[in-house]
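Q: Please take a close look at one part of this structure, the contact between its chains. Describe it for someone who has not seen it before.

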Protein chains: 2
Amino acid sequence: DLVQAILAALRPVEKPLAGKTALVTSGPTHEPIDPVRYIANRSSGKQGHAIAAALADLGADVTLVSGPVTLPDPAGVRVVRVESARDMLAACQAALPASGLLDVAVCAAAVADWGVDVAPQKLKKQDGAAPPAIALRPNPDILATLSAAGPQRPRLVVGFAAETESVIDHAVAKRARKGCDWICANDVSSATGTFGGDRNTVHLISADGVESWPDLPKTDVATRLARRIAETLISP
Amino acid sequence: DLVQAILAALRPVEKPLAGKTALVTSGPTHEPIDPVRYIANRSSGKQGHAIAAALADLGADVTLVSGPVTLPDPAGVRVVRVESARDMLAACQAALPASGLLDVAVCAAAVADWGVDVAPQKLKKQDGAAPPAIALRPNPDILATLSAAGPQRPRLVVGFAAETESVIDHAVAKRARKGCDWICANDVSSATGTFGGDRNTVHLISADGVESWPDLPKTDVATRLARRIAETLISP
């Protein structure tokens, strides 16, 4: 660790994102059903956390809004922990700079599409009675909200699409629907091991088309994405 | 650690449960909704894991059937990891001794009352469409199944009741309904911090009535319960 730190300190430093501000969301959201139950998803936060770390490595001032994960906080990143999608949106809005624009927002969190109207007491099983209905309601759409045109729209908005079928088609449609600039689409079928695993196969979808990256460690996906973001933000 | 180990080795050893078999369930269950979403609950597994460790400390041969937790396996305990309630029941039944009786079963897991008929592909949000219905179905009742009279019924069956209101009344009714011998009732209202926390206030409900223990660390609750189990199993 000490040797690593010394080597890192001696290495010529490239900080193309110095002075740039970034917001990254990561992890799942938990949507409470009652005081003890909730709806979750299999996102580990590994990809989002790695992106926050990679942007910070390139010099960006990074705020990471994270759902419940068991990962350590990345070094050099401001971390805000939230539980539900509503909390995550509020934290993202609070992270927008009071003056000036956010340079890039990367929405890597697996935000629940639906929340539940929370029961104030634990739902009880009644012998002989039918199971209770869980009434879902749409959650706020964080990616679409950040992508909407307006004076606070980040200069570059990147979304993720976690799909189990027709990955690219669904992601191309999602990019158009949400109004974001790029979508990183990945296949999260259980056979791929993407959710919770350490590797990811990403298709980067932009106005220029589809760029399919090879299967890579999530840290390398993060580095590659951070470099692409830097190129885009510093090009004239 | 070395000093502790030497002291432990020198301490006069009491193994009142030597030769006895125990099954403990612990943690939450995760009930899949589709390939990425699931219903979870706030159980950390701390209480159940501590009980498995305490029974092993008293010499019992312990199988711990655990839902998804982030805890390390207790030393000296056989651990079977499961996800859903159905898997947990199957693992419990597989853990029953082929010949002879299980001496004690402690059902400390927070088993989901309801599962979901799993969608084979990720449920998609459709703009303008109502949220999908999540059709719940009753899960197998592990405590009632283990408590049912029959040649394989464990000699002593202990359940847990996690309640947010009318804690003792609900637990007394639960004991009668499930057919178990004892219920450890605890208040898991979020204000108590029981779920995920390190302390617990337990009411032990048996045919003899209600015994309310003070607020204790979960490890002390486990030690106290393991001793009560030992007294009961070795009394004539």
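A: Asp113(A) counts as buried, at 16% relative accessibility (buried means under 20% relative accessible area, exposed over 50%, partly exposed in between, with a 1.4 Å probe and protein chains only). This is a predicted model, in which local features need pLDDT of at least 70 and side-chain atom pairs count only at pLDDT 80 or more, while totals for chains, interfaces and linings use all residues. Residues are numbered from 1 along each chain as its sequence is written, chains are lettered from A and ligands numbered from 1 in the order in which they are written, and side-chain values use heavy atoms, with hydrogens and water left out.

Asp113(A) forms a salt bridge with Lys125(B), with 3.9 Å between the closest N and O atoms; a salt bridge is a side-chain nitrogen of Lys or Arg within 4 Å of a carboxyl oxygen of Asp or Glu. The pair joins two chains, because Asp113(A) lies in the loop between β6 (104-107) and β7 (114-116) of chain A and Lys125(B) in the loop between β7 (114-116) and β8 (136-138) of chain B. Strands are DSSP runs (E, at least two residues) and helices likewise (H or I, at least four), numbered from the N terminus. Lys125(B) is partly exposed, at 25% relative accessible area.

Lys125(A) and Asp113(B) also meet in a salt bridge, at 3.8 Å from N to O. These two residues belong to a network of salt bridges that also links Asp34(A), Arg37(A), Asp141(B) and Lys178(B). Between chain A and chain B there are 10 salt bridges, and the count over all chains is 32.

As for the interface as a whole, 36 residues of chain A are in contact with 36 residues of chain B, contact being heavy atoms within 4.5 Å. The area buried between the chains is about 3500 Å², with carbon and sulfur atoms giving 54%; buried area is the accessible area (1.4 Å probe) that two parts lose on being put together, summed over both. Arg42(A), Trp114(A) and Lys125(A) supply 20% of the area that chain A buries against chain B, more than any other three residues.

Strands also take part. Five bridges join β3(A) to strand β3 (residues 37-41) of chain B, and the two run antiparallel; strands pair if DSSP finds at least two bridges between them. Within this pairing, Ala40(A) stands opposite Tyr38(B).
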